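Please keep the sequence and the structure open while going through them.

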Amino acid sequence: MNSPTETTIPITVNGDGRSVPDGYPLTDLLRDLEIDPGDDDATTGVAVALNGSVVRRQDWEDVRLAEDDTVEVIQAQPGG
Amino acid sequence: MSNDVRTNGAVEHEAGDALVMGDYSFSSRLIVGTSRYPNPQVMLDALEATGTELVTVAIRRVNVENPAPESHLDLLRQGGYEVLPNTAGCYTAREAVLVAQLAREALGTDLIKLEVIGDDETLMPDVEQLLDAAKTLVDDGFTVLAYANDDPITCRKLADLGCAAVMPLGSPIGSGMGIVNPYNLRIIREEIDDTPLIVDAGIGTASDAVMAMELGYDGILLNTAIAQAQHPVEMAHAMRLAVEAGRHAHRAGRIPRRLYAEASSPREGRVET
């Protein structure tokens, strides 16, 4: 858990700003979005980009977020 | 032709008339979009009625305010469909390449319907960005199905870049205007005989699909014509028949047009008074 004294940093998630603790794990951010990174069913069809580059699923748990990071979390939706 | 079995005038397909794009092979020549249906059940019923094996999806941000909606992907995979992600809404090669890479990671497919548009009013491709993105994605190992203008030069360039299919529009996306320039589509077909060609966008009703297939196109990609029809499932069935009818007519080889009549019945032996 994060202690209240930790520094928070601004990041952008799917175009919206939010504050998270410095070094916040990407997997914690996904849980905040109600995507369980350990659940194959929940993550099927989901992908993540960090600052314009895809983060492979097997690398999600290694990512720590830094100030002004831009995260995109996508999924398949109806389309033509 | 050699793959057909003709019996008493009936033509039955053997496995030989598949639509092959890259390493993928489909017996249906109809690719169908999954958007704008009245509800998910109508979509599923319509998809089944088309006989399609390949359906398109968009790649969009997970809704941060309302995460984890019912999975569109699950519905389609349960139906046994191969999924073709698109890059709809991308304006630059950079955006399209990132969306394609995200789609590959999310869906585990190298198929991509490449769409790079120039504005919101026409949804016409931005050719410069389209060619740039196509090159990058082909080099990155994608099976690229490229949505293009009905422009023989652009289509030739996309084929030469290694796209697995080139998909000129019949008319603007969602317009239902049909095939507005059959002459260009004919030229494109005549000049590109080494790459599958699909008419993507603008199909309004079954006769549009027939016309495209009679022009020798390898397949049709459509969405709105079915999804927004008054009876989507019936239109889906019509489109299936249209694509099959057009394909057969093309393969059969139509008679030449002539200005004057030519009697079908023999002249000899007529009863004369």
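How do the residues of the lining of the largest pocket divide into nonpolar, polar and charged?

1. The model discussed here is predicted. In it, the lining of the largest pocket divides into 5 nonpolar, 2 polar and 6 charged residues. The volume of this pocket is about 540 Å³, and among the 13 residues that line it, those closest to its centre are R186(B), E214(B), L215(B), R254(B) and R257(B).

2. As to where this lining comes from, at least two residues are supplied by each of three helices of chain B, namely α6 (182-191), α7 (206-214) and α9 (232-252). The helix that gives the most is α6(B), with 5 residues.

3. Chain B also holds an open sheet of 3 strands, in the order β8-β9-β10, with parallel pairing. Its edge strands, each pairing on one side only, are β8 (111-114) and β10 (165-168) of chain B, and neighbouring strands in this sheet are turned against each other by 15° on average, direction ignored. Between β8(B) and β9(B), the latter spanning residues 143-148, there are 4 bridges, and L114(B) has A146(B) in β9(B) as its bridge partner.

4. In chain A, strand β5 (residues 70-78) deserves a careful look. With strand β1 (residues 8-13) of chain A it pairs in the parallel sense over 2 bridges, and T12(A) has T70(A) in β5(A) as its bridge partner. Strand β3 (residues 46-50) of chain A, by contrast, is joined to β5(A) by 5 bridges and runs antiparallel to it, with A47(A) and I74(A) as bridge partners.

5. Which strand of chain B is joined to β5(A)? It is β6 (residues 54-61) of chain B, which runs antiparallel to β5(A) and is joined to it by 5 bridges; here Q75(A) stands opposite R60(B) in β6(B).

6. A last point concerns L33(A), which lies in the loop between α1 (26-32) and α2 (40-43) of chain A. From V13(A), L33(A) is 20 residues away in sequence and 10.0 Å away in space, C-alpha to C-alpha.

Notes. Residues are numbered from 1 along each chain as its sequence is written. Chains are lettered from A and ligands numbered from 1 in the order in which they are written. This is a predicted model: local features need pLDDT of at least 70, side-chain atom pairs count only at pLDDT 80 or more; totals for chains, interfaces and linings use all residues. Side-chain values use heavy atoms; hydrogens and water are left out. On a 1 Å grid over the protein atoms alone, a cavity is a set of points where a 1.4 Å probe fits but cannot get out, and a pocket is an open set with protein on both sides within 12 Å along at least five of seven lines; lining residues have an atom within 4 Å of a point. Grid points are joined across faces, edges and corners, and a volume is the space filled by probe spheres set on the points. Ala, Val, Leu, Ile, Met, Phe, Trp, Tyr, Cys and Pro count as nonpolar, Asp, Glu, Lys and Arg as charged, and the others, Gly among them, as polar. Two strands pair if DSSP finds at least two bridges between them. Axes are lines fitted to C-alpha atoms, for helices over the stretch in contact, and angles run from 0 to 180 degrees between N-to-C directions.
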